[in-house]
Structures are given as structure tokens and as C-alpha cells.
Amino acid sequence: MQLTPNQAERISTSSFLVTGGAGFIGSHIAEFLLAAGAQKVRVLDNMATGHFRNMAPFVNHARFEYINGDIRDITTCNAACKGIDYVLHHAASGSVPDSINDPITTNNINASGFLNMLVSANEAHVKRFIYASSASIFDDGHQTPYAVSKYINELYADVFARLYGIETIGLRYSNVFGQRHDPQSAYAAVIPKFVMQLTKHESPVINVDDEYSHDFIYIENVVQANMLAVCTNEPRAVNQVYNITFEERTSLNQLAKYLRELLSSFDESIARVKIPNAFTQKHNTHPVAFVQKSKKLLGYDPAYSLRAGLLKSAGWYWAYLPRLAEEKKLLKKQPGQYTTTVSLDRQYENNQFL
Ligand SMILES: NC(=O)c1ccc[n+]([C@@H]2O[C@H](COP(=O)([O-])OP(=O)(O)OC[C@H]3O[C@@H](n4cnc5c(N)ncnc54)[C@H](O)[C@@H]3O)[C@@H](O)[C@H]2O)c1
């Protein structure tokens, strides 16, 4: 994203807290802010699903701080918000199946942890509280504990803005993909899954019930939305929730074809893998998130379509996914034994940043 002079000035004169900054989305946001000259970027994460390797590109940056802590602990949240101008709250339990199996833990992290962060941010008089909501709110019609927890976030943010005057902006992401995408992630897991099947010259398995269209959003579009939420001076843009997607419906069959084409540049024989044609009546029933409001009020202008995002990230998927899958297998077989990537993580874990 190309920053305007005003946006660059805003970022370079501000301090930021990125919760969940060791995760997929949060680490990209933290990295962008540091590269843009932010005064300070502090990450709060408990490594539940985050990885030190995600922070490797910026972990030694002079203006980076790391707090290993849990948003369920209000004292930790208070310490994390101290001296911060903008909070970008991304720590959460993102797994829908986990939320079904254990709704209490999801609620504790995603609803109570969110409330802790909002209270701490308000007491620390931050300038703005930006948070990750989810398109699952309307995809699922609040039918999972995860979607409910994200809806609760939006309700609390709205109430806090009205009662205490804190500025909030919620960003409802659809399925985010790109570099550092955790293959174990509950989101858009279909992309890593298809990549792994294609690299083994197997046909991607398309479940007929899943074939209907999906909204995918490339990570750089998500980073852009966060920067716009930080930098907007438009009063009507604040205390709102925005859909962050590309407004593009893609069937899993089409997605598999894109991936086959892109991965063929690394291994020509992938071009011959057959993509099954799943047919379903559901094709047009999947709701697409509209982004007119995000465009009009925030100036959101996503640069990357699904195909363009895959083009940028295919190399990463090709290079890292098989390694990460191998690492996972090894860790299962030999718990406590660290593989190359994991020992790299451990090296960062020992650093004292705060
Ligand atoms: N990835 C997507 O497609 C997507 C879509 C919609 C919304 N979201 C939301 O975006 C945010 C980031 O998602 P992501 O894909 O980067 O997931 P992620 O799992 O990679 O990142 C979440 C981070 O939060 C940390 N965390 C979890 N519980 C914590 C706790 N109690 N205290 C402190 N840190 C904790 C994890 O260790 C992890 O680093 C989440 O709020 C998620 O619900 C993601």
C-alpha cells in the first residue's frame, strides 16, 4: 500500500499495540507499521496459535516490543495499552469447530478478552480501537459460538463509543489468505489443503456441499483496511463496522484451477492434475459481502483480487506448506523434539523485549 504524506505522518508519529501480532494477520500489520516508521509497535500475544517465526522479519527492530501475555488477564491488557495511540485488536480464538466444542473458552477469549482490551484501551485514552470482526457474522447468521462472539465485539464497541466516547472501528474480514497463512488455521483452510494435494499430484477434493462460492481476501488488502482505519480523519467513518473483502465470488472449482495454473510454474506435471467438477444447486446462494460503505467512508480500494493475491503468495505456499506439514508430523511423533523451524522459534522466545 502506498501511503499518502498525511497517512505516513500519522503512522510515523504514533505508537501501536497489535494484539495477536504473532499470528497470521497481526504479524503483517505489525511489519507494515514498523516499515512505515511507526514510533513504537508493541505486540501482545500468548502464542496460542501464533508463531515466533511470523515475527522473525521485525523481531529485532529497535521500535518493536513484545509482551507474552493473555488478553483474559486485565492487568496484562492495562500494561499493554499504556502509552499507546492506536490499538489493533486481533487476538482471538479463530476456530469455528473449537467454538462449537468448547464455547466457554471461545467466549472467555473472544468476548471477555475483547471487553478487557476495550476497558484497558478506554482507560489508557487511546486515540482509536480498531478490531477484527468477521464475515461469519452474516455467513453463519450467528449460528456458531464464534460468530456470536464476534457479534458481541461489535455490540460492545458500539456501546463503549456511545457511553465513553472511545473511537472504534470494526473490520469484518472474509476468508483471509497469503504468506504466513497457518495451514492449521480454521479460515480458508481450503487453500493450503488444495496446495498440498496439488503438490502431491492429487486431485483437490471438493466436497459438493462446499462447492458454492466463497469470498477470499488477500492479506495486503486487509493491511490496507487497517491503515485506513488508523488514518481516517472523516468523523462519519469512525464508530462503524466495515466489510473487508474483494466482492468476488469464487467457486472451489475455480480456486483449484487457479492454484493448479500457478503451481504448475514450479512443477510442470501439476498442470495435468484433474480438477473434479462438483455441481451444486447452492452455487448462487452464498451471500457476498458488499464493500460500498468501506469504499465510501474509509476509502478502501483493495488492490488484489483472489488471483492477484495467489500470484503473490503461491511461491510462499509452495516453499513452506510441505515443510510446515512435515514439521507437524515430526512434532506429533516426537513431542518435545524441535525441528529446524521450531528451534528458530525458540531462539526468539528467549529474547526479552519488555
Ligand atoms: N484469517 C481469517 O480469515 C479471518 C477472518 C475473519 C476474522 N479473522 C479475525 O482476525 C483476527 C486474526 O486472525 P488470524 O487469522 O491472524 O489468526 P491467528 O490465529 O493466526 O492469530 C490470532 C493470534 O491471537 C493470539 N491469541 C489467541 N488467544 C489469545 C489470548 N487469549 N491472549 C493473547 N493472544 C491470543 C494467537 O496466539 C495468535 O497469534 C482474529 O480476531 C480472527 O478472528 C480472521
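In which sense, parallel or antiparallel, do β6 and strand β9 (residues 240-244) pair, and over how many bridges? I looked this up and found that β6 and β9 pair in the parallel sense over five bridges, where strands count as paired if DSSP finds at least two bridges between them.

I note that this is a predicted model, in which local features need pLDDT of at least 70, side-chain atom pairs count only at pLDDT 80 or more, and totals for chains, interfaces and linings use all residues. Residues are numbered from 1 along each chain as its sequence is written.

I took helices (H or I, at least four residues) and strands (E, at least two) as DSSP runs, numbered from the N terminus. On the other pairing of β6, I found six bridges joining it to strand β5 (residues 128-134), again parallel. F129 stands opposite T168 in β6, and Y173 stands opposite I244 in β9.

I then checked burial, calling a residue buried if 20 or more other C-beta atoms, placed from the backbone, lie within 10 Å of its own, exposed if 12 or fewer, and partly exposed in between. Six of the six residues of β6 (residues 168-173) are buried, so the strand is largely enclosed by the rest of the structure. T168, G170 and R172 point one way, while I169, L171 and Y173 point the other.

Finally I followed L171, which, leaving aside neighbours within four places in sequence, is in contact (C-beta atoms, placed from the backbone, within 7 Å) with I130, A132, S133, A225, N226, A229, Y242 and I244.

How values were computed. Two residues are in contact if their C-beta atoms, placed from the backbone, lie within 7 Å.
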